[in-house]
Amino acid sequence: MSLEQCTVCARHETLYQELDAFIEKNRHRPGALIEVLHKAQSLFGFLPAEVQAFIAKQLGIPESTVFGVVTFYHYFTMKPRGQNQVKVCLGTACYVKGADRVLERLKEELKVGIEEVTQDGRFSIHEVRCLGACSMAPVVLIGEKDFFGRVTPDEVPKILKKYRG
Amino acid sequence: MAKVKSLEELMKIKEKSLKDLQMRDTEKKGKIVVAMGTCGIAAGAKDTLQAIVRELADNKVDDMSVVQSGCMGLCEVEPTVEVHMEGQAPIIYGHVTPEQARRIVQQHILSGKVVSDLMVKKGEI
Amino acid sequence: MSATDKTSIASEAPAPRVEARAATNTILLCAGGACISSGEESCLQALRATLEKYALQDVVKVVETGCMGMCDAGPLMILYPEGVFYQKLKPSDMEQIVSEHLLKGRIVESKLFVDPSTKVKITSAYDDHPFFTKQVKIATRNMGVIDPMSIEEYIARDGYFALRKVLQEMTPEQVIDTLKKSGLRGRGGAGFPTGLKWELTRKVPGKEKFVLCNADEGDPGAFMDRSILEGDPHSVLEAMAIAGYAVGAQKGYVYIRAEYPLAIERLTEGIKQAKEYGLFGENIMGSGFSFDLEIRMGAGAFVCGEETALIESVEGKRGQPRVKPPFPAQKGVWNKPTLNNNVETYANIPPIILNGPEWFTRIGTEKSKGTKVFCLAGKIKNTGLVEVPIGITLREVVYDIGGGIPNNKSFKAVQTGGPSGGCIPAEHLDMPIDYETLKTIGTMMGSGGMVFMDEDTCMVDVAKFFLQFSVDESCGKCTPCREGNRVMYEILERITNGEGEEGDIERLETLGQSIIDSSLCGLGQTSPQPVLSTIRFFRDEYEAHIREKRCPAKVCRSLIRYHIDESKCVGCTACARVCPVAAISGSLRKPHRIDPEICTRCGSCIEVCRFGAISKITPI
Ligand SMILES: Cc1cc2nc3c(=O)[nH]c(=O)nc-3n(C[C@H](O)[C@H](O)[C@H](O)COP(=O)(O)O)c2cc1C
Ligand code: SF4
Ligand code: SF4
Ligand code: FES
Ligand code: FES
Ligand code: FES
């Protein structure tokens, strides 16, 4: 199992408590399910079946509804992700500027495929569609806020180095 | 904060902040505006901002304000930085790497000379 | 009248900032530190004396200014109203400038300012980067000018003045009437008249109504909504409050992509600041009108940009489109009457309220008023975000604003409307960009993404790319969209793999048309457009792939081979070192070879070879 999951295990209790508090606070807001899922994914890193069941119970809705929403949206994932999620934009502008080659290089460097986590749990690779920085194409995003623009395949190792610790 | 209820009250806020925006009658010598949209950040605007703040501190400049803005749209030359000295037309610089940012502080802020090779535009956008 | 003529009219209109320029000649003399040290003062004295000599002292105003920013060329002067720029002045030059320029209107060539980078003489001080000069900024008026986290700076640029005017001086009907007269049309893609939409929503009876802002911006290659929200969040907030007042809603939602964390942060801060000033929330400006907003994050589903799917998503459900009618105006969020507009549409509204609808109608074309924000991306020199009058020609956008195609390549096509749109080839460069004209050639205005392609872009590959997008994003509700797009994708996959057959093009055309005819929502109804449009304009490329197994742009990997020209190769080993699969062999200073069996066509080698020895060959 990946490192990511173990750290989750260790903090299990507190994470559930925090999620529960969030649900309590937003319960009155109609249609809060998606917001709750966003929160849960930010806490746990992904949305395993137990977390979904917990949410369903707390919100008083069927588990199938929660599952239906989780599977509909690309942003939600039921697979654990790396500590650093490396997102490669494959939107039109990035594609035209050669993002596929950046992605390929990344897969080679990290020796994993798309949606897979590296052995040490440090990285996972994801394809995304347009990060809204098309003028900087091709764009790579690590985590939520570290944007890299005009990336060439050769820059990939340099970018990863910062996160290798 | 007092709630705005009338045109007069809104006008008052406008007049006061317009002065700051246009660098007239402020206490500061000038301001440096770093464009911090997502694309600016993708082009490295965060490092540029840090370099500016550090260079100003290292030179003990405390009468310049450093603020952020959205992007001005010319992504090709990001990161962009606008230097607006009191009473003068703002100058917009492009391709401002941390290194160039230090140069801008040294040359424009400290010595009053525009760094012409980085200049993209003079005056308001 | 061309679009550019209208631009000049627009700038005469009562825009928020009017620059005072003297009617008669004004001379600005730079009195910045550098110019003073290079002799500005003696120039000033000489100028005054010369003006007196010709009895011009009362006609021509002399003003000393702060640094003009070109100190290397000082002392400097600018003559208004022409804006002529003179450099490196000496007191002895004044005689010539006054007698030649002021009296006879002849420019003194020898003293003209020379652009240090281009070495070109500049006659006008307003000759800025061409990127800026053709733009007319309405929706992006504050972008890059103000600090988005400061409501005060927004107010400094007339922010919340429109909301005040609406609440204190106008009835909802008057607001709607103003919008109708302005001719503003939705900027989210379809171009529906905004005033009419507001009127429809107002007329539906109901105490509880909602206002939505569509900030989903799923079209890859488009980022104008993000930039507006990041650079000027209050313009959207103010407009949504105006909309609430006009249609009778007290509550709004901004539906925004989760991929835009910075925009979410700035919107949230904006709402907080506006509430502190009493410009949002309860009893706005003491008018009795209350309006509040919630931000709802999307979760990465393109179809949620479609308004009925968006409504489902706001309600926390799977974002599958609803059947229309009923339209959102009748039954929207929680089945209540709902107004939905796009970010850019909203951003246009405060200036229209303040400057009046006539001002707005002076910009644009007969049927499409105002401006449109476009994002220039892909193979274009000045990538970026521009706001231009509707009706401007594509040529102006590509060459004047965009600076042309980089690396001396030629323009091939531009994709507008993203995966729902089509391409515009070079033969239509002179076409005006507006809603109707673009439709006539099988594309659409779309939300404003423009992805440029040059001769190195394969149009079949691009079509395949968009179709893959639609296959991934189809919500699965209707069969033609779900299955039909997949079949089309498979055909394109075959063609690009060199396994295309006669009749494939026709099959794509028939299938595409039937998907268009039988899908429920806009996604399915438009998804075949990129294929149909590339077939229409680049049929020969499809034929080359099918008949000759050749990819003219040398992109499709199965149809190309990398090759080293032994006569050019100096044996530097650079390529062999960068090849990730060790397909290149050869010893130092000896010509290298690529083994086509191992080569994955990644193209890394071609980039590192400084001797131009590596090339792509098609067909293999
Ligand atoms: C598949 C699909 C995706 C869409 N995506 C967007 C979008 O990202 N942003 C947007 O404003 N409109 C989008 N639209 C258009 C909306 O349905 C709607 O027409 C628009 O938000 C109305 O606002 P407007 O009248 O101000 O343009 C999309 C439509 C379809 C069919
Ligand atoms: S194209 Fe890529 S795989 Fe093929 S030889 Fe060049 S570097 Fe190696
Ligand atoms: S990089 Fe070019 S010159 Fe050098 S070995 Fe490869 S093909 Fe030859
Ligand atoms: S296409 Fe990659 S950021 Fe938009
Ligand atoms: S849109 Fe921000 S600089 Fe490009
Ligand atoms: S001092 Fe005159 S241009 Fe700078």
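Colleague: Leaving aside neighbours within four places in sequence, which residues is C:Ile617 in contact with?

Modeller: C:Ile617 touches C:Leu559, C:Ile560, C:Arg561 and C:His563, where contact means heavy atoms within 4.5 Å. Before we go on, this is a predicted model: local features need pLDDT of at least 70 and side-chain atom pairs count only at pLDDT 80 or more, while totals for chains, interfaces and linings use all residues. Residues are numbered from 1 along each chain as its sequence is written, chains are lettered from A and ligands numbered from 1 in the order in which they are written, and side-chain values use heavy atoms, with hydrogens and water left out.

Colleague: Why is C:Ile617 called partly exposed?

Modeller: Its relative accessibility is 26%. Buried means under 20% relative accessible area, exposed means over 50%, and partly exposed is what lies in between (1.4 Å probe, protein chains only). At 26%, C:Ile617 therefore counts as partly exposed.

Colleague: And which strand does C:Ile617 lie in?

Modeller: Strand S19 of chain C, residues 614–617. Strands (E, at least two residues) and helices (H or I, at least four) are DSSP runs, numbered from the N terminus. Chain C has 24 helices and 19 strands.

Colleague: What share of chain C counts as buried?

Modeller: Of its 620 residues, 61% do. Helix H4 of chain C, residues 94–104, has some of its own: C:Met94, C:Ile97, C:Val98, C:Ser99, C:Glu100, C:His101 and C:Leu102 are buried. H4(C) is followed by C:Gly105, with a positive phi near 70°.

Colleague: What are the spans of the C-alpha trace of chain C along its principal axes?

Modeller: About 85 × 80 × 40 Å. Among contacts in chain C between residues at least 6 apart in sequence, 69% join residues at least 24 apart.

Colleague: Let's move to the partners. Why is the pair C:Glu265 and A:Lys145 called a salt bridge?

Modeller: The rule asks for a side-chain nitrogen of Lys or Arg within 4 Å of a carboxyl oxygen of Asp or Glu. Here the N to O distance is 3.3 Å, so the pair passes. The count between chain A and chain C is 6 salt bridges.

Colleague: How many residue pairs are in polar contact between chain A and chain C?

Modeller: 25, both residues being at pLDDT 80 or more. A polar contact is a pair of N or O atoms within 3.5 Å; within protein, one must be able to donate a hydrogen and the other to accept it, and residues adjacent in sequence count only if both atoms are side-chain atoms.

Colleague: How many residues of each chain are in contact there?

Modeller: 36 of chain A with 57 of chain C. The two chains bury about 3,800 Å² between them, 55% of it on carbon and sulfur atoms. A:Phe72, A:Thr92 and A:Arg129 supply 18% of the area that chain A buries against chain C, more than any other three residues. Buried area is the accessible area (1.4 Å probe) that two parts lose on being put together, summed over both.

Colleague: Which residues of chain C does A:Pro30 touch, not counting residues up to four places away in sequence?

Modeller: C:Arg296 and C:Trp334. A:Pro30 sits in the loop between helix H2 (12–26) and H3 of chain A. Its relative accessible area is 41%, so A:Pro30 is partly exposed.

Colleague: What makes C:Asp158 and B:Lys14 a salt bridge?

Modeller: Their side chains meet at 2.5 Å, N to O, which puts them inside the salt-bridge limit. Between chain B and chain C the count is 1 salt bridge, with 11 residue pairs in polar contact, both at pLDDT 80 or more. On the side of chain B that touches chain C, the largest share, 8 residues, comes from H1(B). Chain B and chain C bury about 4,000 Å² between them, 61% of it on carbon and sulfur atoms.

Colleague: Last one: which residues are closest to ligand 3?

Modeller: C:Cys569, C:Cys572, C:Thr573, C:Cys575 and C:Cys609, out of 13 surrounding residues. A residue is near a molecule or strand if one of its heavy atoms lies within 4 Å of it. That shell divides into 10 nonpolar, 3 polar and no charged. Ala, Val, Leu, Ile, Met, Phe, Trp, Tyr, Cys and Pro count as nonpolar, Asp, Glu, Lys and Arg as charged, and the others, Gly among them, as polar. For ligand 2, 13 residues surround it, with C:Cys579, C:Cys599, C:Cys602, C:Gly603 and C:Cys605 the closest.
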